[in-house]
Amino acid sequence: MLPAVQAAREAARRHRDRHGALPTVRELQSLADVSRGTAGDALKQLRDTPQQAATGLHLVPDEPETRTQQ
């Protein structure tokens with residue numbers, strides 16, 4: 001992978017971790033100091049790759065109708 005694309009992807013991931021969403025192409029151009037095309041390619045790659053959950057935990061509702069009757 002090209003170093004510029006890799007740097008752009010890392011900058012986009014950091015932005016997503018801090019702000020909860022990927023940056024725009026223009027924001028990523030500025031953050032990673034890359035061209036518009038490189039920023040666009042990096043964002044496309046990240047959007048095409050499913051984001052893994054931070055943990056394996058999930059919420060389970062504690063409602064009476066979900067409990068088994070004893």
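This is a predicted model: local features need pLDDT of at least 70, side-chain atom pairs count only at pLDDT 80 or more; totals for chains, interfaces and linings use all residues.
Gln6 is partly exposed, because its relative accessible area is 44%. Its C-alpha lies 9.7 Å from that of Ala32, although Gln6 and Ala32 are 26 residues apart in sequence. I will come back to Ala32.

First, the overall layout. The protein has three helices and zero strands, in the order α-α-α along the sequence. Of its 70 residues, 23% are buried. The accessible surface is about 5800 Å², and carbon and sulfur atoms account for 51% of that. If we take contacts between residues at least 6 apart in sequence, 41% of them join residues at least 24 apart.

Now helix H1. It has 17 residues, which at 1.5 Å a residue should span 24 Å; the end C-alpha atoms are 24 Å apart, so the two values agree. Which residues of H1 are buried? They are Val5, Ala8, Arg9, Ala11, Ala12, His15 and Arg16. These lie on the same side of H1, because they cover an arc of only 165° around the axis. Note that the buried set includes Arg9, His15 and Arg16. On the face turned away from the buried side, H1 carries the exposed residues Pro3, Asp17 and Arg18. H2 and H3 are among what covers the buried residues of H1. After H1 comes Gly20, with a positive phi near 85°.

Next, the core. The largest nonpolar core has 11 residues: Val5, Ala8, Ala11, Ala12, Leu28, Ala32, Val34, Ala39, Ala42, Leu43 and Leu46.

What does Ala32 touch, leaving aside residues up to four places away in sequence? The list is Ala7, Ala8 and Ala11.

Last, Asp33. Where is Asp33? Asp33 is in the loop between H2 and H3. Asp33 counts as exposed, because its relative accessibility is 69%, and the cut-off for exposed is over 50%. The phi of Asp33 is positive, near 55°, and the residue is not a glycine. For context, most residues other than glycine have a negative phi.

That is the model as I have it.

Notes
Residues are numbered from 1 along each chain as its sequence is written. Side-chain values use heavy atoms; hydrogens and water are left out. A nonpolar core is a set of buried Ala, Val, Leu, Ile, Met, Phe, Trp, Tyr and Cys residues joined through side-chain atoms within 4.5 Å. Buried means under 20% relative accessible area, exposed over 50%, partly exposed in between (1.4 Å probe, protein chains only). Contact means heavy atoms within 4.5 Å. Helices (H or I, at least four residues) and strands (E, at least two) are DSSP runs, numbered from the N terminus. Accessible areas come from the Shrake-Rupley method with a 1.4 Å probe; for residues, only the protein chains shown count as cover. The expected span of a helix is 1.5 Å times one less than its number of residues. The arc is that of the directions from the helix axis to the C-beta atoms.
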